[in-house]
Amino acid sequence: MPDERFAEHLTKPRNRGTVPPGAHSGVAGGAACGDLVHLRVAVERDRVADAGFEASGCGAMIAAASAAVDLVAGAPLLEAARVDSARIAAELGGLSVGKLHTADLAADALHRALGAAARADAQIATRPDRTLVAMSGGVDSAVAALRADGEVVAVTLELWRDPENDGERSCCSADAVRSARALAHRMGLAHFTLDLRDEFRAGVVDPWLADHAGGLTPNPCVGCNGHVRLDAMLEFADRLGAATLTTGHYARRTEDGLLRQAADAAKDQSYMLAALSRRSLDRLRFPLGDITTKAHVREIAREAGLPVAAKADSQDLCFLAGTGRARFLARHGALRERPGDIVDRAGRRVGRHRGHHHFTVGQRRGLGIGGEDEPLYVLGTDARANTVTVGPKAALATSTVRIRGLRMHAAEGEVDAVKLRYHSPAIAATLAGDTVALDTPVHGVAPGQIACFLRGDVVVGCGTIVG
């Protein structure tokens with residue numbers, strides 16, 4: 001016999017067909033089983049004002065959607081954000097193994113709608129001890145949530161969705177969102193999902209594609225952190241009344257609010273945060289910044305019983321997970337095979353290539369040619385002529401670097417070092433106008449990369465390398 005609660009939701013579903021005024025929508029399902037659910041949620045200030053749904057497929061799908069609506073309609077927003085598939089199933093008196101997926105689908109649709117509604121309409125009174133934690137579903141963000149001060153609310157961003165990507169390896173996919181939400185709920189946290197796919201495409205992916213087309217070597221993560229991802233989360237923190245935003249980045253802040261390198265130099269991510277404004281930095285908190293090893297972070301997670309303690313770190317750009325760079329450039333940027341000449345410094349053809357956009361300054365592998373006496377490296381690319389110029393490593397050496405788009409938090413005279421790539425060491429340097437003078441010549445300075453300016457271990461500015 002089915003539980004009477006299941007029968008009630010099936011025969012008298014709550015708000016089926018209802019579209020509350022000002023509601024935002026979330027959809028899930030549509031797979032081979034045919035179950036599809038469309039949740040609609042309206043938020044007023046700090047509560048879910050109303051909710052409704054439409055569903056098709058099996059009876060369990062209708063009942064699960066009705067249960068989700070019943071759980072959140074009229075509830076405080078932060079309580080609604082704690083509703084998961086287990087609570088939806090429990091509201092029905094339990095579901096058989098074969099029907100549990102309907103509770104999962106209802107939870108997915110609910111949280112997509114809830115995040116959109118909260119982002120647009122929530123107005124929760126600010127509490128100085130409330131922090132919004134950016135949770136990716138990995139061990140770093142989970143431990144950051146554990147170590148955060150005060151009341152913790154979690155948020156996960158969906159930035160990219162592509163059937164060619166590996167959702168399990170990406171930190172910003174729909175799969176990653178579900179994993180992060182399950183982890184946050186396991187930790188007893190309210191969790192929100194924000195769909196930033198349009199903003200991410202426009203603010204990160206499209207510029208990255210355009211830079212490749214123009215012969216540059218962009219670093220999309222700096223721009224994403226500086227102008228898209230963290231800005232959106234700070235705005236959302238305002239909606240939820242959170243005074244601060246906590247992340248799992250390995251970085252620190254100085255007493256006067258500047259960005260400082262992490263205690264663990266091997267994991268330091270201050271370079272990736274260099275484009276953040278002072279206003280944003282004032283509200284950011286980095287609980288992992290003083291931890292000296294990644295092994296310690298994993299030990300904290302193990303002691304807390306978190307299932308992500310041994311989860312591998314993501315290694316590539318989030319939107320490239322599971323696909324190759326060349327294929328991505330072709331599919332999303334129309335940067336397909338475009339054969340051209342590989343030339344030496346005198347302009348003599350020494351080989352052929354498949355397109356200038358596959359190469360970056362300082363690259364040695366993949367040229368398909370070799371020097372007679374020494375290895376050849378990419379010295380430069382010309383997008384208009386579609387040529388790749390190569391030469392000996394010595395020809396890459398430079399003691400000056402030109403910068404555009406300079407953003408400084410201190411006087412240029414305070415700069416004593418610069419990082420020219422994420423994984424490169426800091427080099428003693430001085431800054432004058434748009435020119436960086438390096439104390440030691442470096443090889444492979446790539447136009448399009450970010451120059452991160454330092455005063456000791458403090459980030460005092462950044463700019464984009466011109467040449």
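Entry 1: I worked from a predicted model. I began with helix α8, residues 197-213, and helix α9, residues 220-239. Their axes come within 10 Å and cross at roughly 150 degrees. Angles over 145 degrees count as roughly antiparallel, and α8 and α9 are therefore roughly antiparallel to each other. I also noted the hand of the crossing: α8 passes α9 in a right-handed crossing.

**Entry 2: the residues in contact.** I next asked which residues of α8 and α9 make the contact. On α8 I listed E199, F200, G203, V204 and W208. On α9 I listed P220, C224 and V228. Sorted by class, the contact of α8 with α9 has six nonpolar residues, one polar and one charged.

**Entry 3: the sheet.** I then turned to an open sheet of four strands, whose order is β12-β11-β14-β13. The pairing in this sheet is mixed. Which strands stand at the edges? I found β12 (349-353) and β13 (377-382) there, each with a single partner strand, so one side of each is left without a neighbour in the sheet. Neighbouring strands of this sheet are turned by 30 degrees against each other on average, direction ignored.

**Entry 4: one strand pair.** Strands of a sheet pair through backbone hydrogen bonds, either parallel or antiparallel. I looked up the sense in which β11 (residues 340-343) and β12 pair, and recorded it as antiparallel, over four bridges. Within this part of the model, D341 stands opposite R352 in β12.

Notes: Residues numbered from 1 in each chain as written. Predicted model: local features only at pLDDT ≥ 70, side-chain atom pairs only at ≥ 80, totals over all residues. Heavy atoms only, no water. Axes fitted to C-alpha atoms, helices over the stretch in contact; angles between N-to-C directions. Helix = DSSP H or I, 4+ residues; strand = E, 2+ residues; numbered from the N terminus. Parallel < 35°, antiparallel > 145°, perpendicular 65-115°, else oblique. Left-handed = near helix turned anticlockwise from the far one by under 90°. Contact = heavy atoms within 4.5 Å. Nonpolar A, V, L, I, M, F, W, Y, C, P; charged D, E, K, R; others polar. Pairing = 2+ DSSP bridges.
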